[in-house]
Amino acid sequence: MTKENNQAEYLFHQGTNFYSYEYLGCSLQRSESQYKYVFRTWAPNADAISLASDHTGWDSDLVPFTKTSQGIWECVITSPSSLEGTAYKYAIQKDGQTFMKGDPYARYSRGGADGASIIFCESKHKWQDSSWLKKRKKKVLSTSGYLSSPLNIYEVHLGSFMRHEGTNEYLTYRELADALVPYVKYMGYTHVEFLPVAEHPFDGSWGYQVCAFYAPTSRFGSPDDFKYLINELHKNGIGVILDWVPAHFPKDAWGLYEFDGGPLYEYQGEDRKESASWGTRFFDLGREEVQCFLISNAMWFFREYPVDGLRVDAVASMLYLDYDKEPGKWVPNSNGGRENLEAIAFFRKLNTTVFEEFPDALMIAEESGSFGGITKPAHEGGLGFNLKWNMGFANDFHDYLMTDPYFRKYKHKALNFPLMYAFTENYVLPISHDEVVHGKLSFINKMYGAYEDKFSQMRTALMLIMTYPGKKMLFMGTEYGQFREWDYSNSLEWFMLDYPNHYQLRQYVAALNRYYLSTPELWTYDFDQKGFEWILPDEAEKNVVAYRRLSGKSQIIVVINFSGAEQQVSIPLGDKRPLALEFSTLPNLDGNGVSYVTEGSSQTAKITVPAFSGGIYKQIPKSKKISL
């Protein structure tokens, strides 16, 4: 073993080799006369391992592995020609049984029930996104403040965004680039966020039950095809966020499940090993080799693809020992608490590693509990993410929208309470895939009342979300008001755009997105109290809120009415400059419904707000008189 390999192995077992994919898996050492492929895998409890592949006719007796002192197994095969695209598996023997496993570090996988890994060592893709990467750094690390730039995410499930008509077959990554990139650009989104793309056998898991963590799913093409999709998005000024699943993995035979004949990547204790609801195994976050596997995987996507961020799934399931556990089925930590201390240390290690190399990355936590300091830097005692989904806001707001307007006054806290904690974390306000499935109704169908009222209320709800502090996210299909719940096995119902109300809603969302992008008041101080000021927080009887968003000396005024009746509100302006209606939820609004009451040097605007509507106003200089 070379000195470099000795060091790679040592650091792997120490939990600090964050390039472990270069040491483990399949690597190519090419000379003029031959191709030399080195296969390595970590399986300390195995009795023997051999390679089964297309190259050997799937005879697992031909290529045995040798074992190092610390559980790394290695074999080498040489060929006069490239073996790129060759399928292979590891035949792992333990206690007289043989387990056919995919390579945990495989960069390409056949997926499905078979799960054979595919040699992919010679990428032919040429990146053309250097301009985007430079802009990304300027936007995230702006001198005017951290993340003081617009962030508006379009969440996408690649398998159901669009399919071939008639056959219902998937679009390829390259076909998706043709369809998705111009659409996202036209709609005014800054980023896409893909539901998990790593190889997963079961379509119905939506990608959240991963077996091959380093391999983009082959459903839509090769790794180079996936790189093409990312490259096209970047070339068009659109960032890419991947949904990443470091919490758990499924029990498919070819995956990580009991990889060397018993628990290895998963916890061994019955109190931590398995999720009862998901039927999956939890990663053993206290094991150094598992830490290397996961952190290297995150770094792999930042380095090799290169994505702009990761949305980290199911953080709460990792942080809490009693997550999905009945009383008596979990063991407290060494301090007697319910927190998983190993997970806390893991997240700090993960985020510190990512930001040391990629300070402009986005690390977004999906955390459904109330763990403090999610977006506080690790060196200050936080977990070190820079964004967190505000799931509490989403749940309460959706419940509010489903309530009869007559009774909304009793749930007014859904509108004003989020501002009590809005600046305790760096929040994303999500309308996600989780909210439009399993009987929860599509977003437009959550709106109370008749057909026409649903569209009016949805426009108003989206205005509130886009003007509240926090970054934004909308799940695909929501922008045009798909009534059917999301179905992972079919395309979005794009034919709905043939109906005027749905087409007009999409045009409204595109216009709202563009207004957001062009309005610094809506994003400069998303994480700072000085960017928001209440005007009318407590108008529960009227179902109305009004507030200011500020950027330096500039401000806009937002007035929202969730009542089924017209309401009039009074907005103190301070000086006598008139208000101009900059943006409205209502098309063809006749005038801006504003009158003024003057008291000394100040004035109050009386604004009439139609039912289920909202408006964004800005004070403008009084017109100067023209002398003739």
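## The largest pocket

In this predicted model, 25 residues line the largest pocket, and those nearest its centre are Trp 278, Asp 313, Glu 366, His 433 and Asp 434. The space within the largest pocket amounts to about 480 Å³.

Two helices, α7 (315-319) and α9 (391-401), each contribute at least two residues to the lining of the largest pocket. By residue class, that lining comprises eleven nonpolar, nine polar and five charged residues.

## The second largest pocket

The second largest pocket holds about 260 Å³ of space. Its lining consists of 21 residues, with Trp 132, Lys 139, Pro 150, Thr 190 and His 191 nearest the centre.

Helix α3 (residues 130-140) is the greatest contributor to the lining of the second largest pocket, supplying four residues. Nine residues of this lining are nonpolar, six are polar and six are charged.

## The packing of helices α13 and α14

Two packed helices are described by the distance between their axes and the angle between those axes. For helix α13 (residues 451-467) and helix α14 (residues 500-517), the axes come within 11 Å and cross at roughly 10 degrees. Helix α13 is therefore roughly parallel to α14, since angles under 35 degrees are counted in that way.

On the α13 side, the contact is formed by Tyr 451, Glu 452, Phe 455, Met 458, Arg 459, Leu 462, Met 463 and Met 466. These residues meet Asn 501, His 502, Leu 505, Tyr 508, Val 509, Leu 512, Asn 513 and Tyr 516 of α14. The contact of α13 with α14 involves eleven nonpolar, three polar and two charged residues.

Terms used:
Residues numbered from 1 in each chain as written. Predicted model: local features only at pLDDT ≥ 70, side-chain atom pairs only at ≥ 80, totals over all residues. Heavy atoms only, no water. Axes fitted to C-alpha atoms, helices over the stretch in contact; angles between N-to-C directions. Parallel < 35°, antiparallel > 145°, perpendicular 65-115°, else oblique. Contact = heavy atoms within 4.5 Å. Nonpolar A, V, L, I, M, F, W, Y, C, P; charged D, E, K, R; others polar. 1 Å grid on protein atoms, 1.4 Å probe; cavity = no way out; pocket = protein on both sides within 12 Å on 5 of 7 lines; lining within 4 Å. Points joined across faces, edges and corners; volume = space filled by probe spheres on them.
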